Amino acid sequence: MELIEHRAKKIDLLRAAAAADPEVQPDWAERDRLRPARARELRAILEDLRTNGDIAAFKGGLDSWARRPGPFAAFQGFGLMWMNQVVNYAVEDGLDPAPVLADALHTPTSVEEAERKLADLESFVSGLSRNGHPAKARIPFVVSLFWSTDPDDPTWPCLWPSAFDALIALGWTLTRSQRETYPAFRELAAAACPANYHELDRLLWWHQHRGAFPGLEDGLTELCSEAAALMEQFELGRGYPDPHTETNAHAMAAHLRGALQTAGAALLSELEAASRLDLELAKLQLRTAFSSDKPYRADAYAMLSMPGGMGAPGFRLWVTRSGVAFGAYAGWQQGDHESGRAAIERARGEIPEWATFFAFRPHHTGDRLQPVADYENGEVFVGRWWPGTEALGRSDLAGEMRAAAADLAPVLRAFAGSGEEPTASLSDELAALAAEFKRSRPYPTDRDELNRKQREEMASALSPDGLEVLDTDMFRKLINGKRYGNPGPQSVLNSSMAGLDGTGLTDFSSKLREFLWGDDPVELRLDRVLDWNDLGMRGLGESVAFKLLAVSQPDRFLPVFPLKGEMGKLAMLQRLGIPLPSSAGKSVGTLHVEANDLLRRNLEPAFPGDPWAMAQFGYWLLDRQQAQQVDPERDLLKEAADDLLVEVEFLREIYELLEERGQVVFYGPPGTGKTFLADRFARAVQPDASRRALVQFHPSTSYEDFFEGYRPVTDANGQLVYELRKGPLALIAEAAEASPSVPHLLIIDEINRANLPRALGELLFLLEYRNHTVRTIYRPDEPFELPKNLWIIGTMNTADRSIAMVDAALRRRFDFIPFMPHEGPMQGLLRSWLERENEPLWVADLVDAVNERLIALLGGPHLQIGHSHFMKKGLTPQRLERIWRYNVHPMIEDQLYGRSGELAWFDWNRLVKDFASVGSSSPVEPGEATEV
């Protein structure tokens, strides 16, 4: 049977399962109802582009169309963004994208023409690239969406990203290139959905997102037989007889593994509930061993193991050419006869009467499993056997496996070494800390779940098959982003990758495959990759290397990347009170692995099978330790209040507002100490300067300045390129996210001087909804959030702009704290400072009198004279006059412009005389004021 016929049988199975899903059928019916109208609208927009070449009208029409409900609504996300990038970048480069788009989006008449259109558009987009955008991987999706709306030729299905991801998961493509996959996708639609090509993408979506186990498709055992026939042609040392045979063997093995892998993912939660065991799904290699000189498999199984990795005890669902098995597997550690016999003896009383033992046969026999009456030797596997095709095409198979899992759970516990349900073995102190971590951090959040999902996506690209054609876009996201942990800036590695041609990328991919999946001990492979003259690349350091291990092999490695430093593995071990591994005579790679294994072994009881939780707990402990290093006897807020000459209750109230809301604005006249108090308060709340930042807004402040944006840099070859640079907000948000136990503070001085909607963009939403995520302008595929422990203090000079003029949306998101010289915490502050510093007290009386008159003349308190003008030591008469003449009087003159009679009262000499005339003390006797 041709491989495409096997794939069509899988689609038949999905069609039957989806038809029984009541939740999707009404939605699909509504989409079908709206499809003709939405398709006609899009064809009209395209025809207008082909006729008139008006790219602005095309862009506007497409934007409006994408917002309408119907089967194409998802295009509004990455599809519309991609099209806008193409148009905008082309116009910026002085190019007209209309002819290229009009040609590419018009329906082809043959597969050859479709491939030509895809290649032409890819070439055009490559010339527009801005740090990998517009993404070339989106081209087949966008183009085929237009083709799929052609009423005259319905044989061009849309390759939605979800459909492509499903194809990868099922193992139905040998490349991660959508452009090369599209012809095969169309061929599959013709074979599996001849009546409606568009049905294929929705069935693949259902399989990828609904999570239900549809059963095992007819033909799987037959496919095993066909793969076994190809394995017979393999010769050790010589391989397959020709490339065509090897390609077919690879494709069959990938199809078998995909069928079982997706089945295991769908069954995981059901089998956990039935067995009351924690299980994790591991990935099977395509060849019979991790080596390129071994044949591709002719069988496949899903491994749902207990914590401990691929070699741990667990359930296996196994398909061979002779039938299907589901049972309890004792683990690789029970693979020799003596250990296997011991495992059988521990479990003998728990094995159900209905269960069958299986003997393992050599791969080249074509039948990996053989049912036997009792255990013989080697690995131990016992369970249910469905000979031939008995288990295939059945919707009730999941129920039989759930029942078997419940019966076999005691067997697995016995294999693991105990007949009792496993209980965590951890100290009271660690148990209490783990509980506090889950409660106070808290854990898990939506972002934790997102990191786990992103690891799974990245792991696919790092699998032995995925590394055959390196997904460079995904790899760059892995090394540069915060997905599943941040390895830090990677400018050298990025430059190294940018300089690679096709041959260089192939060589690099091969080295990564050897590093992650080679036969040598992982310690040696890690040492080799850190030597860039051997397996590595210039810039590929230990943090990136260890992240690759953590992503691809989570059953062993934690996402804690550095070895040393305040956030490294050794620091975590010390914090947990675990003796550090001896470094005598050991390589860096060996120390990395030993430290990782010590952490895993000690944290596994608290967070079974959850490496992300173990890492986050370790970071939380280190943060907590740093926060506790401040002397508990010191009241830092009280010390700050004494320095600032304000009541400590005022600072505590600011602290409570920030703790509750996350952001405040200090507003008032200039010179009232808003920025000074904000800085001193921040130093009291967070003594660590690396966790504080100050920026000043101005009329030209942009989103790119404040958050992030592309900036010109020179690459290794001296060429000008654009690099995404993080601004102060992105940097401190990243630091706050990495240290969630302690507050981080950002002071925005003169917050009202910038165009705030322009500077904040979508971040305005996050100010109100902390711990929610948004897709930002420059990182649409990487969700961003403002951590709750990032506090923002803005200062606002009301002489420039009244609080009433501040955007209502911004006012709603901040608490506003007034700094007025005549009332509240600032009242009397100048007098207190003059008294403490032994400076003349009459200055406070004069400033109060001036402010009273200014309030009366200007109709409000926002243009008073701030006390900070006069908080200077050595206030001689001459210095006071200079302060007044050159700092204070020009501001009053500006406010009283054209009112010379009123302004005259504020002349320094007159003020001194008037002050003396009412009996007040003054800096000079009447008539002794001097010109300066």
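Which handedness has the crossing of H2 and H5? The crossing of H2 and H5 is left-handed, a term applied if the near helix is turned anticlockwise from the far one by less than a right angle, with right-handed used if clockwise.

**Before selecting**

This is a predicted model, in which local features need pLDDT of at least 70 and side-chain atom pairs count only at pLDDT 80 or more, while totals for chains, interfaces and linings use all residues. Residues are numbered from 1 along each chain as its sequence is written, and side-chain values use heavy atoms, with hydrogens and water left out. The mean pLDDT (the predictor's confidence in each residue, from 0 to 100) is 85 for the protein, and 91% of its residues reach 70 or more. Helices (H or I, at least four residues) and strands (E, at least two) are DSSP runs numbered from the N terminus.

**Stop 1**

Select helix H2 (residues 25–52) together with helix H5 (residues 98–105): their axes come within 9 Å and cross at roughly 135 degrees. Axes are lines fitted to C-alpha atoms, for helices over the stretch in contact, and angles run from 0 to 180 degrees between N-to-C directions. H2 and H5 are therefore oblique to each other; angles under 35 degrees count as roughly parallel, over 145 as roughly antiparallel, 65 to 115 as roughly perpendicular and the rest as oblique.

Display the side chains next. Leu46, Leu49 and Arg50 in H2 are in contact with Ala98, Leu101, Ala102 and Leu105 in H5, contact meaning heavy atoms within 4.5 Å. By class, six of the residues between H2 and H5 are nonpolar, none is polar and one is charged. Here Ala, Val, Leu, Ile, Met, Phe, Trp, Tyr, Cys and Pro count as nonpolar, Asp, Glu, Lys and Arg as charged, and the others, Gly among them, as polar.

The residues in contact include Leu42 and Ile45 of H2 and Phe58 and Trp65 of H3. By class, the contact of H2 with H3 has eight nonpolar, one polar and three charged residues.

**Stop 2: the seven-stranded sheet**

Move to the open sheet of seven strands, with antiparallel pairing and the order E1-E2-E3-E4-E7-E5-E6; two strands pair if DSSP finds at least two bridges between them. Strand E1 (280–282) and strand E6 (369–372) are at the edges with a single partner strand each, so one side of each has no neighbour in the sheet. The twist averages 35 degrees from one strand to the next.

Three bridges join E1 to strand E2 (residues 300–305), and Glu280 stands opposite Ser305 in E2. Helix H11 (residues 220–231) packs on the sheet, touching strand E3 (314–320) and strand E4 (323–329). Helix H14 (residues 397–415) lies across E3, E4 and strand E7 (381–387), at about 35 degrees to E4.

**Stop 3: the five-stranded sheet**

Select the open sheet of five strands, with parallel pairing and the order E9-E12-E13-E8-E14. Its edge strands are E9 (692–696) and E14 (815–818). Six bridges join strand E8 (residues 663–668) to strand E13 (residues 790–797), and Phe666 has Thr795 in E13 as its bridge partner.

**Stop 4**

Where pLDDT is low, the predicted coordinates should not be read in detail.
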